[in-house]
Amino acid sequence: MKVTQHIKRAKGKTLFSFEILPPRKGENVNGIFEAIDPLMEFNPPFIDVTYHREEYIYKQRENGLLEKVTTRKRPGTVGICSAIMNKYGVDAVPHIICGGFSKEETENALIDLDFLGIDNVLVLRGDAIKSEGKFVPDPHGHAYAVELMQQVLDLNKGKYLHEEIESGATNFSIGVAGYPEKHFEAPSLKSDMKYLKQKIDLGAEYVVTQMFFDNKKYFDFVDKCREAGINVPIIPGLKPITTLNHSTILPSIFHVDLPDDLVDALDKCKNNNDVKEVGVEWCIQQSKELMAAKVPCLHYYTMSKSSVIKRIASELF
Ligand code: FAD
């Protein structure tokens, strides 16, 4: 079922959902099930599975020189989605990205997802390769999420890259990303919003936000979206802070600010256990306020570790 149908069915009740990462290459799928199992009691109607582009690693050759090798450290998004649907009977929402994929590879992945009965895709650009500062599109791929979206929409009309097959139309519902604190490359929030609106006008049915730690940022973002004519559900994404280094790592990776009160509370923590208590309590309070504002769904970034998310969800669902 489509994410938007789940939201409609809930009739104003806030849903619970979360995102997991495919296991690192060589790790067992059971690790993913162990992360999901404790969260199933909160009835997530859908679970997102991230997609990861390639990375460069350096291998030492016999002659001592280093060889640059391309590898994907977390493959398996499509398989994990299928495993989730089989095991739990809930919808899996694969993320699909432009970075590192040709249009042909994307088409083949979408065909697989369609065969598996997957109804939703979260369409994203993806980030730069870790060791590179700037996003570079695949020479045969897409530069922006909106272009990838167009490919999915074409497939939804039976328009494949090289053929038109009327009976072969897919029926993916498309979600896209939103940034309450602006995407870091956008010159202004207004500019970022213009491109978000472009995706909605083209047919994206809902937005999932980047994590934020100050609900005001989310509420302001929703207001601005509504003013701009973006009227689809805007699902807030939340992540609890659980380690001391999160307070510097998260702002640098995700380009988000922490509110002063949270920073002050974290500064008083002596160890990661203290931090976890502060982070979990903060996330519970954020979630409660968002729920009171009747957001369609609370979507948690689990990083495939569910114990803290279970603590938070237990207070809310
Ligand atoms: P886009 O919409 O392409 O926007 C990128 C930038 O270009 C923005 O600054 C935008 O303002 C601008 N822009 C957009 N369209 C145009 C245009 N037509 N012309 C000029 N400028 C334009 N990354 C992963 O690799 N895998 C994941 O699974 C993943 N999951 C995510 C889930 C969520 C909920 C979020 C919020 C992010 C996720 N990301 C993931 C990270 C995401 O890929 C990055 O934030 C990426 O840098 C931007 O993706 P986007 O889809 O917002 O890009």
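I number residues from 1 along each chain as its sequence is written. In this predicted model, local features need pLDDT of at least 70 and side-chain atom pairs count only at pLDDT 80 or more, while totals for chains, interfaces and linings use all residues, and side-chain values use heavy atoms, with hydrogens and water left out.

Ligand shell. I found 24 of them, and the closest are Tyr51, Asp127, Tyr179, Asp192 and Lys199. By class, the shell holds 13 nonpolar, 6 polar and 5 charged residues; Ala, Val, Leu, Ile, Met, Phe, Trp, Tyr, Cys and Pro count as nonpolar, Asp, Glu, Lys and Arg as charged, and the others, Gly among them, as polar.

Polar contacts. I looked for pairs of N or O atoms within 3.5 Å. A side-chain N or O atom of Tyr179 is 2.7 Å from a ligand oxygen. For a polar side-chain atom of His95 the distance to a ligand oxygen is 2.8 Å, and for a polar backbone atom of Ala145 it is 2.9 Å.

Cover. The ligand on its own has 980 Å² of accessible area (Shrake-Rupley, 1.4 Å probe). The protein covers 88% of that.

Elements. I took helices as DSSP runs of H or I with at least four residues, and strands as E runs of at least two, numbered from the N terminus. Helix 6 gives the most to the shell, 4 residues.

Helix pair. Helix 7 (residues 215-227) packs on helix 10 (residues 272-292) at about 30 degrees, with axes 10 Å apart. Helix 7 is therefore roughly parallel to helix 10 (angles under 35 degrees).

Notes
A residue is near a molecule or strand if one of its heavy atoms lies within 4 Å of it. A polar contact is a pair of N or O atoms within 3.5 Å; within protein, one must be able to donate a hydrogen and the other to accept it, and residues adjacent in sequence count only if both atoms are side-chain atoms. Axes are lines fitted to C-alpha atoms, for helices over the stretch in contact, and angles run from 0 to 180 degrees between N-to-C directions. Angles under 35 degrees count as roughly parallel, over 145 as roughly antiparallel, 65 to 115 as roughly perpendicular and the rest as oblique.
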